[in-house]
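Trainee: I have a chain to go through with you. Can we take it piece by piece?

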Amino acid sequence: MLAVVILLIIAMCIVMYYDATRFIIPNWLVGSLLLLYPVAFYLSSAVIDWKMDLLGMLGAFAIGYIIFAVRIMGGGDVKLIIVLSLWVGLEKLAQFGFNFAVLGGVLSLIVLIMRGLLPRLCKNKEKLPRIFRPRQPVPYGLAIAGAFLLMMYSNDVPILG
């Protein structure tokens with residue numbers, strides 16, 4: 001099970017890197033997280049109600065579809081939330097949502113403040129990383145992955161227990 005935990009940590013770091021630098025969360029990465037779940041289920045000694053966890057994932061899909069359709073969040077972010085919803089399970093889904101909402105708010109504030117400060121300090125605005133340029137989206141995958149890592153750290157991902 002340690003290998004699964006390490007793979008999850010690496011995957012969240014890759015999500016953060018790609019989203020912060022390229023504003024994308026690769027489909028291969030989200031798909032890998034989905035395929036890793038049955039492996040973790042098989043290796044886990046925890047009692048997991050996978051049917052309820054699938055129901056939570058379906059609920060995340062329904063809400064995510066609406067959020068994506070009204071252009072509040074990008075498709076990669078929504079797909080990541082959907083897959084990670086399976087990992088956290090139905091019982092911890094609200095906590096996961098709360099965690100990434102709070103982290104997303106903090107991230108948005110930091111990015112907006114930096115977008116106001118850095119152009120004044122930097123003579124060549126084209127050298128600024130894209131995340132700090134005006135009128136760019138906030139890479140919310142950072143908050144989603146961060147919330148998942150926080151839940152892993154606090155033993156709130158039942159399948160890993």
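Trainee: What covers the buried residues of H2?

Mentor: This is a predicted model. In H2, the buried residues are Leu-29, Val-30, Leu-33, Leu-36, Tyr-37 and Ala-40. Their cover includes helix H1 (2–22), helix H3 (50–69) and helix H4 (75–121).

Trainee: Which side chain of opposite charge is nearest to Arg-115?

Mentor: Arg-115 sits in helix H4. Arg-115 is buried, yet has no salt bridge. A salt bridge would need a carboxyl oxygen within 4 Å of a side-chain nitrogen.

Trainee: Which backbone oxygen does the side chain of Arg-115 reach?

Mentor: Leave aside neighbours within four places in sequence. Arg-115 then contacts Ile-131, Phe-132, Arg-133, Gln-136, Pro-137 and Val-138. At 2.7 Å, the side chain of Arg-115 reaches the backbone oxygen of Gln-136.

Trainee: Is Val-5 buried or partly exposed?

Mentor: Val-5 lies in helix H1. Buried means under 20% relative accessible area. Val-5 has 23%, so it counts as partly exposed.

Trainee: Which residues does Val-5 contact, leaving aside its neighbours within four places in sequence?

Mentor: Arg-133 is 128 residues away from Val-5 in sequence. C-alpha to C-alpha, the two are 35 Å apart. Beyond four places in sequence, the contacts of Val-5 are Met-152 and Leu-160.

Technical notes:
Residues numbered from 1 in each chain as written. Predicted model: local features only at pLDDT ≥ 70, side-chain atom pairs only at ≥ 80, totals over all residues. Heavy atoms only, no water. Buried < 20%, exposed > 50% of the residue type's maximum accessible area, 1.4 Å probe, protein only. Helix = DSSP H or I, 4+ residues; strand = E, 2+ residues; numbered from the N terminus. Contact = heavy atoms within 4.5 Å. Lys, Arg positive; Asp, Glu negative; His and termini not counted. Polar contact = N/O pair within 3.5 Å; in protein donor to acceptor, adjacent residues only side chain to side chain.
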